[in-house]
Amino acid sequence: MTTKGDSIKVSILKALQDAEAPIGASRIAERLYSMGLAIRPRTVRFYLLQLDRDGLTQRVSRRRGRTLTERGREELARANVLEKIGFVAAKVDTLGYRMNFCLRKGEGTIISNVGIIHKRDLGRALWAMKPVFEAKLAMGDRLFLAKEGEKIGGFVVPKDTVGIATVCSVTLNGILLSERIPVTSRFGGLVEIRNRQPVRFVELIEYSGTTLDPLEAYIRAGMTQAAECARTGTGIIGASFREVPSAALDVVRRLHRMMEQRGLGGILAIGKPNRPLMEIPVADGRAGLVVIGGLNPVAAVHEAGIRVGLRSLAGLADYSLFLCFREIVAMAPKRRVFPE
């Protein structure tokens with residue numbers, strides 16, 4: 001159980017971390033006051049002595065004050081975990097709100113995920129993703145290959161690597177919000193597909209209770225079967241669960257048809273008003289949506305044994321950057337990226 005004293009110690013560590021230079025007890029007390037903690041400098045000194053003994057802080061000099069030790073930074077990182085709960089849910093809402101994509105015109109920004117691979121692995125990666133796109137197990141059929149030094153979703157691709165940017169499923173949120181349809185993103189999870197039909201969720205993580213994107217975590221854990229599902233029609237893929245007002249279902253269906261025309265389709269199932277969808281109950285006046293995970297193509301890359309760095313919810317990117325995967329495949333042999 002976290003005590004009041006523990007909370008004060010963490011706040012002191014935060015104050016030291018935010019300072020650009022060593023600071024003393026009086027300055028720390030001022031910073032704590034700005035955080036809503038009214039603690040006298042004498043009390044701060046008392047806690048600093050304990051933090052010194054624990055090896056979390058160290059005195060630089062009597063006049064200059066203290067600074068964090070490396071051990072103190074590690075402790076603060078662990079202590080901040082509880083504050084990060086709900087971070088993914090907040091990021092989902094923020095990116096959906098900031099999106100400015102116009103579905104009718106096919107212009108504006110959408111939300112991207114990014115997988116980072118070594119450039120020598122590009123051919124194998126495209127080969128691994130191809131069946132996933134063909135089986136429509138991705139969030140549409142669009143892909144953007146970013147070269148080293150290029151910026152995608154607020155991220156610059158490192159040297160000797162390629163950024164594989166896929167359309168994030170949260171793009172759906174932005175499109176619905178632009179039509180004044182509120183969306184509640186509830187879960188990220190894994191869906192069982194049988195005979196190319198979604199059957200049930202086998203794993204769920206609530207967005208409001210996690211510090212990591214659920215599908216990213218499942219991919220890293222080796223729990224997806226995107227490639228197998230694309231090949232045989234049976235397997236486990238990433239998906240998410242959302243709720244929308246029941247009154248908006250007709251508009252949601254119409255928008256989904258328009259999204260498919262733009263290469264952005266990805267709704268696996270649309271529920272009925274006030275009825276559970278794939279065994280997941282919904283609130284009164286709401287209906288469920290099961291949306292394909294935008295990282296499924298990258299999951300197939302990981303399943304193929306290719307080392308890939310994952311950056312889900314990477315940020316906003318212009319829709320015009322994304323090409324139909326078939327176009328990329330058509331260009332691939334000329335660039336000698338496919339295996340012989």
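Asp250 counts as exposed, at 60% relative accessibility. In this predicted model, Asp250 pairs up with Arg253 in a salt bridge, and their closest N and O atoms are 3.3 Å apart. Arg253 is partly exposed, with a relative accessible area of 35%. Both sit in helix α11 (residues 249–261), 3 residues apart, so about one helical turn separates them.

**Other salt bridges**
- The structure has 14 salt bridges.
- Glu179 and Arg104 join their side chains in a salt bridge (2.8 Å, N to O).
- Glu179 is in the loop between α8 (171–178) and β8 (184–194), while Arg104 is in the loop between α6 (87–98) and β3 (109–118), so this pair ties together parts that are 75 residues apart in sequence.
- Both partners are partly exposed: Glu179 has a relative accessible area of 23%, and Arg104 comes in at 49%.
- Glu148 and Lys119 also meet in a salt bridge (3.8 Å, N to O), and that pair links parts 29 residues apart in sequence.
- Lys119, Glu148 and Asp160 belong to one network, joined by salt bridges that share partners.

**A positive patch**
- On the surface, Arg40, Arg42, Arg45, Arg59 and Arg62 gather in a patch of positive charge.
- One of them, Arg45, sits in helix α3 (residues 41–53) and is partly exposed, with a relative accessible area of 43%.

**The whole chain**
- You'll find 13 helices and 14 strands here.
- Of the 340 residues in the chain, 51% are buried.

Note on methods. Residues are numbered from 1 along each chain as its sequence is written. This is a predicted model: local features need pLDDT of at least 70, side-chain atom pairs count only at pLDDT 80 or more; totals for chains, interfaces and linings use all residues. Side-chain values use heavy atoms; hydrogens and water are left out. Patches are made of residues with over 30% relative accessible area and no salt bridge: like charges are joined within 9 Å, nonpolar side chains (Val, Leu, Ile, Met, Phe, Trp, Tyr) within 5 Å. Accessible areas come from the Shrake-Rupley method with a 1.4 Å probe; for residues, only the protein chains shown count as cover. A salt bridge is a side-chain nitrogen of Lys or Arg within 4 Å of a carboxyl oxygen of Asp or Glu. Lys and Arg count as positive and Asp and Glu as negative; His and the chain ends are not counted. The place of a charge is taken as NZ of Lys, CZ of Arg, CG of Asp or CD of Glu. Helices (H or I, at least four residues) and strands (E, at least two) are DSSP runs, numbered from the N terminus. Buried means under 20% relative accessible area, exposed over 50%, partly exposed in between (1.4 Å probe, protein chains only).
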